[in-house]
Structure formats: structure tokens, C-alpha cells
Amino acid sequence: MIRFSPTHSPVQHSPRLIVTSLLGLMLLVGSPLALAGDAGDSGADSIERELPFAVVSFPDQIFTGTTVPLVITLNEDLLDDSAQLAVDLHGFRGTERVAGLWHSRKIPIAAGVTDPQTFEVPIPEGKDIQRVSFVIFLLPEGVSDFKQKIHAAETTTDVFDQ
């Protein structure tokens, strides 16, 4: 289960992976979803997070006054019918949620499509925001009311001033 908090990013743990070799059995314990750039990584600069219905990636450092590429790959066999994918941007001042910082256009998604979809999300300046939350959701085709969503989840990350 993913839990959301203005001070903590939602994290799911990867399953354990058991690797066998001639030298013996090595147990690699699943760790929180990969933060690219961690030890053993080649220095990539993005974060990848698993949501209940998609995998989301974005830069590991987000700065106010910039535009952030948010890449969303929907899980296979998620949709039986066409839908619309959209993103809202919320922010946090301490524990206060600031909704409505930005709303994407809705991207039509055909049933069975899992191609990555990229949203260019502007991170506002001058709002005294310490964290942002990408609220990602799917709506039935032709629907615009968030209350009628098919799926929704959010992921948060720190924001830095330039």
C-alpha cells in the first residue's frame, strides 16, 4: 500500500531477488524504488516511482522556475476502454497543501497502450513551495470531472530554489 504525506514520498518496496551463482547463493534484498545516481548507478539523474497503475519518472532534483519532464508509463492490461491521462501539480508549504498550481491537458489513451507519456510540468517560482506533488489520474473518455476518475495516485518530491 502507498501512503501519502506532505513530508514523506510514497515508497513501495521491490520484491526480493535471489541470484544463484557457482560461487554460492547471494541474496539481494529489495530496497526502496531506485533513485538513479545511488551507489552502483552510472550517474543517471532521475527518480523512478511505482504507483498502483503506472511507473513515473522525473529528475532527481527539481528547481523552481523550471519545467520538469514527467514520464508516465501505464501498467499493461490496465484499461479495457479508452481513457484520458492527466496530471495536476500541488505544492506544500510546510504541511499546508497548495492545490491547483498547474493542470495538464488530458491525453487520450487507447485501451492496452503502455507507451510512455511525457508531461512538461512547470514548477512555479515565488510560491514558497518546499515540495511538489504530481497528482496523476485517468478519467473515462469524454469526462472532465476528477470525481469520476478511474485511477488516481500522487507522488511527492522536494523542490529547490535556483
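Buried means under 20% relative accessible area, exposed means over 50%, and partly exposed lies in between, using a 1.4 Å probe and protein chains only. With these terms, the tour can begin at a single residue.

This is a predicted model, in which local features need pLDDT of at least 70, side-chain atom pairs count only at pLDDT 80 or more, and totals for chains, interfaces and linings use all residues. Residues are numbered from 1 along each chain as its sequence is written, and side-chain values use heavy atoms, with hydrogens and water left out.

**Stop 1: Pro 59**

Select Pro 59, which is found in strand β4; strands are DSSP runs (E, at least two residues), numbered from the N terminus. Is Pro 59 buried, partly exposed or exposed? Pro 59 is partly exposed, because its relative accessible area is 21%. Leaving aside neighbours within four places in sequence, Pro 59 is in contact with Asp 45, Ser 46, Ile 47, Val 68 and Pro 69, where contact means heavy atoms within 4.5 Å.

**Stop 2: the open sheet**

Now display the open sheet of 4 strands, whose order is β3-β4-β5-β9 with antiparallel pairing; two strands pair if DSSP finds at least two bridges between them. β3 (46-50) and β9 stand at the edges with a single partner strand each, so one side of each has no neighbour in the sheet. Between β3 and β4 the antiparallel pairing runs over 5 bridges.

**Stop 3: the core**

Select Leu 70, Ile 72, Leu 74, Phe 134 and Ile 136, the residues with the most contacts inside the largest nonpolar core, which has 31 residues. A nonpolar core is a set of buried Ala, Val, Leu, Ile, Met, Phe, Trp, Tyr and Cys residues joined through side-chain atoms within 4.5 Å. Among the elements that give two or more residues to this core are β5 (67-74), β6 (83-93) and β10 (131-140). Centre the view on Ile 136; among the residues that it touches, not counting those up to four places away in sequence, are Leu 51, Phe 53, Ile 72 and Ala 153.

**Stop 4: His 90 and Arg 97**

Move to His 90 in strand β6, which counts as buried because its relative accessibility is 13%. Its side chain makes a polar contact with the side chain of Arg 97 (2.7 Å). A polar contact is a pair of N or O atoms within 3.5 Å; within protein, one must be able to donate a hydrogen and the other to accept it, and residues adjacent in sequence count only if both atoms are side-chain atoms.

Which residue forms a salt bridge with Arg 97? That residue is Glu 154, with the closest N and O atoms 3.0 Å apart. The pair links Arg 97 in strand β7 with Glu 154 in strand β11 (residues 151-158), 57 residues apart. A salt bridge is a side-chain nitrogen of Lys or Arg within 4 Å of a carboxyl oxygen of Asp or Glu.

**Stop 5: other salt bridges**

The whole structure holds 3 salt bridges. Select Arg 131 and Asp 158, whose side chains meet in one of them (2.4 Å, N to O). Arg 131 lies in strand β10 and Asp 158 in strand β11, so the pair ties together parts that are 27 residues apart in sequence. Finally, select Glu 96 and Arg 93, whose side chains also meet in a salt bridge (3.6 Å, N to O).
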